[in-house]
Amino acid sequence: MARKNAPTISQEELYPQSDEPTRQDLDDARLFDLDAEQESPFLRGQKRVSVRRSSLPKKTVTRLTWTLIVLVVMFLGSVAVAAVYHYGERSWRFRVDSSDHIEITGLENVTRSQVMEVIGGDIGRNIFFVPMAQRKKQLEQIPWVESASVMRFVPNRLKIEIHERTPVAFARVGSRILLVDDVGTLMELPNKKKYSFPVILGMNSGEPLSTRIPRMRIYDSVLSQLDSSGAHYSQDLSEVDLSDPDDVKVLTNNPEGEVLIHLGSSNYLDRYKVYVGHVREWRQQFDRVESVDLRYDRQIIVNPDLNGAVKQPPLSRTAAKAAMAAGVKPAALTTRLMSSSTALVPRPVATPEKKRTVKAWHRKPSRKKTWVSKTGPSKKYPRTATQAARAARKPSPSIAKEQEHP
């Protein structure tokens with residue numbers, strides 16, 4: 001009973017609540033603070049900082065700055081260039097003092113004096129004021145010079161490189177013999193050099209290069225065809241007459257006597273082989289063989305009429321001596337005066353028994369023919385018309401055979 005009346009103690013009295021906030025209250029407070037930061041307009045106002053804005057955009061200001069820098073650099077550069085130019089113009093260091101400061105390379109047939117005639121006027125001149133293009137053009141006007149280059153080297157040195165032309169033949173122009181290249185440029189004979197070329201006839205010093213170039217192409221075609229088989233027939237030629245493009249004539253350098261061969265305008269090798277294969281037979285059949293016309297198919301004319309042949313003026317003693325020293329063959333130095341010649345043309349001869357046509361060689365009478373050279377007329381050929389007529393009356397072996405056996 002006494003137990004029932006005993007006073008009771010509650011849990012709250014045993015564990016009194018603390019004055020500190022609970023964990024849940026703290027979490028709620030933190031959430032409240034975060035919301036307060038996001039929703040700052042409901043709290044106290046933030047302090048604003050005043051900024052002064054420019055009237056020009058930032059990109060425009062950057063561009064103006066770089067433009068100003070570039071202008072300053074250009075101004076300083078121009079001032080420096082002007083100073084250097086003034087120094088180079090007035091300084092003695094850049095003056096070509098003598099010919100020792102001019103270097104010339106590539107000279108073989110062109111002499112140094114020919115080059116100095118063009119470039120010598122620049123001695124004593126400032127190296128920067130030498131007209132390079134003009135000097136190059138003047139040097140290329142020298143006949144032997146194909147191309148030239150003029151270079152300057154600081155402080156006071158000039159270098160000239162010469163590329164000379166390559167001759168391919170001799171050319172008889174008037175009373176002189178010159179050298180000619182593949183485009184028809186005429187050049188003087190060198191002093192101490194020999195060549196083995198034939199002499200081209202039909203050249204004129206006053207004709208333009210546009211006329212000479214086609215002739216040189218014909219000349220190149222003739223030599224290339226004659227040497228194509230490996231026989232090197234071009235070495236036997238003394239002259240190549242290109243005065244008529246439709247009738248190219250070559251003069252052979254034969255110990256038994258020179259022969260003028262008409263090759264026409266094509267098939268030079270085939271026609272020349274005909275001459276090589278029959279020249280001994282012709283020499284046995286006729287007293288002399290001076291020329292052969294091979295232009296016609298299946299017909300050969302020995303000693304054709306040469307009326308109207310171009311007469312070359314005689315060479316002077318100095319020109320002949322220089323030509324021989326350069327390698328011109330003696331046959332090309334002889335001046336031939338051809339008024340007419342004995343023509344051997346094929347004529348059909350019919351016999352009474354046979355009705356077929358037999359080709360034979362018949363000799364026509366000719367006039368006087370002489371060969372004139374520096375040493376006088378040749379003794380090998382008849383000097384009088386009577387002797388030429390007697391030689392003409394002698395029939396060929398084929399005709400004599402037909403007369404003996406009709």
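Trainee: How many residues does the largest nonpolar core have?

Mentor: Start with the general idea. In soluble globular proteins, nonpolar side chains tend to be buried together. In this predicted model, the largest nonpolar core has 37 residues. Leu139, Ile160, Phe170, Leu179 and Val328 have the most contacts inside it.

Trainee: Which elements give two or more residues to this core?

Mentor: Helices α4, α5 and α8 do, along with strands β1, β2, β3, β5 and β7. The largest share, four residues, comes from α4.

Trainee: What does Leu139 touch?

Mentor: Leave aside residues up to four places away in sequence. Leu139 then touches Val115, Val118, Val145, Ala148, Val150, Ile160 and Ile162. There is also a second, separate core of 35 residues. Leu178, Met216, Ile261 and Val292 are among its members.

Trainee: Now α5. Which of its residues are buried?

Mentor: An α-helix has 3.6 residues a turn, so residues three or four places apart point the same way. In α5, the buried residues are Met132, Arg135 and Leu139. Seen down the helix axis, the buried residues of α5 fall within an arc of 65°, so they line one face. Exposed Ala133 and Lys137 sit on the face turned away. The cover over the buried residues includes α4, β2 and β3.

Trainee: How do I read α6 and α7, and at what angle do they cross?

Mentor: Two packed helices are described by the angle between their axes and the distance between the axes. The axes of α6 and α7 come within 8 Å and cross at roughly 55°. That makes α6 oblique to α7. Their crossing is right-handed.

Trainee: Which residues make the contact?

Mentor: From α6, Ile218, Ser221, Val222, Gln225 and Leu226. From α7, Tyr268, Leu269 and Tyr272.

Key:
Residues are numbered from 1 along each chain as its sequence is written. This is a predicted model: local features need pLDDT of at least 70, side-chain atom pairs count only at pLDDT 80 or more; totals for chains, interfaces and linings use all residues. Side-chain values use heavy atoms; hydrogens and water are left out. A nonpolar core is a set of buried Ala, Val, Leu, Ile, Met, Phe, Trp, Tyr and Cys residues joined through side-chain atoms within 4.5 Å. Buried means under 20% relative accessible area, exposed over 50%, partly exposed in between (1.4 Å probe, protein chains only). Contact means heavy atoms within 4.5 Å. The arc is that of the directions from the helix axis to the C-beta atoms. Axes are lines fitted to C-alpha atoms, for helices over the stretch in contact, and angles run from 0 to 180 degrees between N-to-C directions. Angles under 35 degrees count as roughly parallel, over 145 as roughly antiparallel, 65 to 115 as roughly perpendicular and the rest as oblique. A crossing is left-handed if the near helix is turned anticlockwise from the far one by less than a right angle, and right-handed if clockwise.
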